[in-house]
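Have the model open while you read.

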Amino acid sequence: IAQKDPFILYRIKNLLGLNVSLIKMKNNLDSYCYSLKFSDKDTYERLEGLGLCPNKSLSIKFPNMPAEFLGGFIRGLFDGDGSYGSGRARLATSSKDFADGLKASLESAGFSVRISETPKSSTRKNIAFTVSVSASKAELIKFYNFLYRGATIFLPTKHDQLRNNLSIDPLYGVPIAKPTQTMVANAAL
């Protein structure tokens, strides 16, 4: 299991009770990737039964799952391959089938979604599909609540970046109101 940020790998390692070290590898010229490697036939077969396979990034399909698990699953995707910027939440994949399934699942949850395609290039060996949630602030707040309401396992850097950019109250998951003159006057009383 590989990630740019080791936080989730440490959580997985602890949850599985693994007594192995994370491996830090050079990812490209200026960044690193962390890897959690372990051998356990039962875990491998369980993951394989859920649809994971070697070189999955090009061939994986979006899994069928109960609606109550969709937010947590997509939160994991966002932590691993997602980004937030320019008023959009984006999730990247190299599998067209996975991108289409993700788009359909997000649309069924009430989100406005689009897929864009980035062709192969000298720095990219495969086509990339980016699934984007609408740029409206209201839609992104709804997306934030969909991902994080009741969540206990997530990548803090991604969570905080989205929450802070949307000015969301960390306790209630709602937008923080900007003070108006009336609010400031009432607070002075």
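1. A word on counting before anything else: helices here are DSSP runs of H or I with at least four residues, strands are E runs of at least two, and both are numbered from the N terminus. On that basis the chain has eight helices and seven strands. Keep in mind that this is a predicted model.

2. Some overall figures. The chain has 189 residues, and 30% of them are buried. Of the contacts with a separation of 6 or more, 55% are between residues 24 or more positions apart.

3. Now the sheet. It is open, has four strands in the order β4-β5-β7-β6, and its pairing is antiparallel. The edges belong to β4 and β6 (113–118); each has a single partner strand, so one side of each has no neighbour in the sheet. Direction ignored, neighbouring strands are turned against each other by 25° on average.

4. β4 (residues 82–85) and β5 (residues 88–93) run antiparallel and are joined by four bridges. If you want a pair to look for, Ser83 sits opposite Arg90 in β5. The hairpin these two strands make has two residues between the strands, and Ser86 takes a positive phi there, near 55°.

5. Moving across the sheet, β5 pairs with β7 through five bridges, again in the antiparallel sense. Ala89 has Val133 of β7 as its bridge partner.

6. β6 and β7 (residues 128–133) are antiparallel and share six bridges. Two pairs to check here: Ile115 stands opposite Val131 in β7, and Arg114 has Ser132 of β7 as its bridge partner.

7. How many residues of β7 are buried? Six of its six, so to speak a mostly covered strand. Ala128, Thr130 and Ser132 point one way from β7, while Phe129, Val131 and Val133 point the other way, and all are buried.

8. Which strands does α4 touch? This helix packs on the sheet against β4 and β5, and its direction makes about 80° with that of β5.

9. α4 (residues 67–81) also packs with α5 (residues 96–108), at an angle of about 135° and with the axes 12 Å apart. Why call the pair oblique? Roughly antiparallel would take an angle over 145 degrees, and roughly perpendicular covers 65 to 115, so α4 counts as oblique to α5. The crossing is left-handed.

10. As for the residues in that contact, α4 brings Leu70, Phe73, Ile74 and Leu77, and α5 brings Phe98, Leu102, Ser105 and Leu106. By class that gives seven nonpolar residues, one polar and no charged ones.

11. The other helix pair I'd look at is α6 (residues 137–148) with α7 (residues 156–166). Their axes come within 10 Å and cross at roughly 145°. α6 passes α7 in a left-handed crossing.

12. Which residues of α6 meet α7? They are Lys137, Leu140, Ile141, Phe143, Tyr144 and Tyr148, and on the α7 side you will find Lys158, His159, Leu162, Arg163 and Leu166. For comparison, the contact of α4 with α5 has no charged residues.

Conventions:
Residues numbered from 1 in each chain as written. Predicted model: local features only at pLDDT ≥ 70, side-chain atom pairs only at ≥ 80, totals over all residues. Heavy atoms only, no water. Axes fitted to C-alpha atoms, helices over the stretch in contact; angles between N-to-C directions. Left-handed = near helix turned anticlockwise from the far one by under 90°. Contact = heavy atoms within 4.5 Å. Pairing = 2+ DSSP bridges. Parallel < 35°, antiparallel > 145°, perpendicular 65-115°, else oblique. Nonpolar A, V, L, I, M, F, W, Y, C, P; charged D, E, K, R; others polar. Buried < 20%, exposed > 50% of the residue type's maximum accessible area, 1.4 Å probe, protein only.
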